[in-house]
Amino acid sequence: MSAISSMIFLLIGVAIGFFLSRMTAKPAINDASMKHELEQNKAELESYKEQVQAHFAKSAQLLEDMAKQYQGIYEHMASQSKSLISDDVAQPQLFADYQQKLELEEEADSSEAQPKDYSNKPSGLFTEAQRKAS
């Protein structure tokens, strides 16, 4: 009976070993497929990031172009309204704020004005005696 019991224990051991090896071998197969899936997802994410970056770069360029075109239209309308609408007409002056801005810029460019932070009043750094000495 010892031979039969040892054979039974041997078969039971082989069966347990077989099932344990099958259970541990599957995660190795899953690891390979998971790594492949991870790499694929990383590649998709990188592609998506590049698409988003390209989208925002294109959007920024289009908005910049639109702003330049708007500014050009506004300048054209302001200059044409100044030349086409006579002062005798009792209409409100169109683009008055922009024309004033242009005139102020022209004045600032043409004249050598004092800096805006310049003050005619004494700062109080020197006393009267020091001012007279210098």
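**Close-up views of a predicted helical chain**

**View 1. A nonpolar patch on the surface.** I4, I8, F9, I12, I16, L20 and M23 form this patch, with about 760 Å² of accessible area together. Patches take residues with over 30% relative accessible area and no salt bridge; like charges are joined within 9 Å, and nonpolar side chains (Val, Leu, Ile, Met, Phe, Trp, Tyr) within 5 Å. Areas come from the Shrake-Rupley method with a 1.4 Å probe, and for residues only the protein chains shown count as cover. I16 counts as partly exposed because its relative accessibility is 49%. The classes are buried (under 20% relative accessible area), exposed (over 50%) and partly exposed (in between), with a 1.4 Å probe and protein chains only. The model is predicted: local features need pLDDT of at least 70, side-chain atom pairs count only at pLDDT 80 or more, and totals for chains, interfaces and linings use all residues. Residues are numbered from 1 along each chain as its sequence is written, and side-chain values use heavy atoms, with hydrogens and water left out.

**View 2. The whole chain.** The protein chain has 3 helices and 0 strands. Its elements run α-α-α from the N terminus on. Helices (H or I, at least four residues) and strands (E, at least two) are DSSP runs, numbered from the N terminus. Of the 134 residues in the protein chain, 3% are buried. The accessible surface of the chain comes to about 12,600 Å², and 61% of this belongs to carbon and sulfur atoms.

View 3. K68 pairs with E64 in a salt bridge, with the closest N and O atoms 3.4 Å apart. The rule asks for a side-chain nitrogen of Lys or Arg within 4 Å of a carboxyl oxygen of Asp or Glu. By this rule the count is 1 salt bridge. K68 and E64 are 4 residues apart in helix α1, so about one helical turn separates them. E64 is partly exposed, at 40% relative accessible area.

**View 4. Aromatic pairs.** The count comes to 2 aromatic pairs. F18 and F19 form an edge-to-face pair, 5.7 Å centre to centre, with 70 degrees between the planes. F18 is partly exposed at 46% relative accessible area; F19 is exposed at 52%. The rings of Y70 and Y74 are stacked, because their centres lie 6.0 Å apart and their planes are at 25 degrees. Rings of Phe, Tyr and Trp (its six-membered ring) pair if their centres lie within 6.5 Å; planes under 30 degrees apart count as stacked, over 60 as edge-to-face and the rest as tilted. Y70 and Y74 both lie in helix α1, 4 residues apart, about one turn of the helix. Y70 is exposed, with a relative accessible area of 55%.
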